[in-house]
Amino acid sequence: MSGKQLPPLNWLRAFEASARHLSFTGAARELNMTQSAVSQQIKSLEQHLGHPLFIRQPRVLHLTEAGERYLPVIQDAFERLQAGTQSLTGGQRHQRLTIQCNMAFSIFWLAPRLSKLLDKHPWLSINVVPEIWTTQTEPSASVVIRYGREIAKSSGAERLAQGAFYPVCSPALAATADWRKDRLFDCSAVLCSWEAWLSDQGLRLPADQIVNLASTYSITLTSAINGAGLAMGHDVLVQDMIDQGRLVRPFEHSVPMQEAYFLMLPARHSQTPATRAFIDWIQDEFTGQMRS
């Protein structure tokens, strides 16, 4: 073999982990090493290559241009090694995938489809982290799904779905449903509200009408399923339950949503086979829903 020898595999693994985390400390934790050991291996790799791979600043780590070019080469090599080893041995190591999304999405959309994801990728180990009205990303999150309107302006935000909203109720209440008299349920701090649905028709709630609120659709829609009254819902959360006959639409009128669900795409250098598998899967799921 001519030319400079390949660097040791442990140096490359330290580089790949550090680049994904943009942190020597994060890489050390993943590789069960000390931070100083990781830092030393990176320095050795940089000396071997003759190029700096990271820009080191206090508490901040960035890839250099050379590091940006080198990282996908190393990640591709590791993935090929992993795939080749698995095909030879017939085994596949589980990879943890931590999914952060709001409570209602995790219960009504994601959970019913997890079997499809795991059937397609049985090597995944899923950890779902539900949230209620937070914009903070969990440090352990592999992928994040957000709901809102201004998220479209965020870097790396890819729209998954933006449908319509309308009232729903249990089948037992459908025949006599009357928004002027029945108990109403709604999720707080959202734009697709009872007021918005009525305003779109030139209508208003009676002065004495009460709208019961909760911080998550998980509560309002579950209340509707159990016959407590009428709840405002939207396509992504309620379509499956309508198809199953658990909920019905007592009124035909629907209003286009201003909010939407967004997949917050992680930077390429921080993606793993697990995150890429999930991204491809959820994009296919929503594309299929729009076609049906």
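How far is the sulfur of Cys-169 from the closest cysteine sulfur, and in which residue does that sulfur lie? I looked this up before anything else.

I am working on a predicted model, where local features need pLDDT of at least 70, side-chain atom pairs count only at pLDDT 80 or more, and totals for chains, interfaces and linings use all residues. Residues are numbered from 1 along each chain as its sequence is written, and side-chain values use heavy atoms, with hydrogens and water left out.

**Cysteines.** The closest cysteine sulfur to that of Cys-169 is in Cys-192, 18 Å away, which is too far for a bond. I searched the whole structure for disulfides (pairs of cysteine sulfur atoms within 2.5 Å) and found zero. Cys-192 is in no disulfide either; its nearest cysteine sulfur belongs to Cys-187, at 7.9 Å. I then checked burial (buried is under 20% relative accessible area, exposed over 50%, partly exposed in between; 1.4 Å probe, protein chains only). Cys-169 is buried at 0%. Cys-192 counts as buried at 1%.

**His-234.** I followed Cys-192 to one of its contacts (heavy atoms within 4.5 Å). His-234 touches Cys-192, along with Tyr-147, Ala-164, Phe-165, Tyr-166, Tyr-217, Met-257 and Tyr-261, not counting residues up to four places away in sequence. His-234 is in strand S10, residues 230-234. Helices (H or I, at least four residues) and strands (E, at least two) are DSSP runs, numbered from the N terminus. His-234 has 0% relative accessibility, so I log it as buried.

**Strand S5.** Tyr-147 took me to S5. Six of the six residues of S5 (residues 143-148) are buried, so the strand is largely enclosed by the rest of the structure. Val-143, Ile-145 and Tyr-147 point one way, and Val-144, Arg-146 and Gly-148 the other. I checked its pairing (DSSP must find at least two bridges between two strands). S3 (residues 95-102) runs parallel to S5, with two bridges; Ile-99 has Val-143 as its bridge partner. S12 (residues 260-264) runs antiparallel to S5, with five bridges; there Tyr-147 is partnered by Tyr-261.

**Cores.** I last looked up nonpolar cores (sets of buried Ala, Val, Leu, Ile, Met, Phe, Trp, Tyr and Cys residues joined through side-chain atoms within 4.5 Å). The largest has 54 residues, and Ile-145 and Ile-282 are among those with the most contacts inside it. Helix H11 (residues 273-291) gives the most to this core, seven residues. Ile-282 is in contact with Phe-105, Trp-109, Ile-145, Leu-160 and Leu-263, leaving aside neighbours within four places in sequence. A second, separate core has 20 residues, including Leu-53 and Phe-78.
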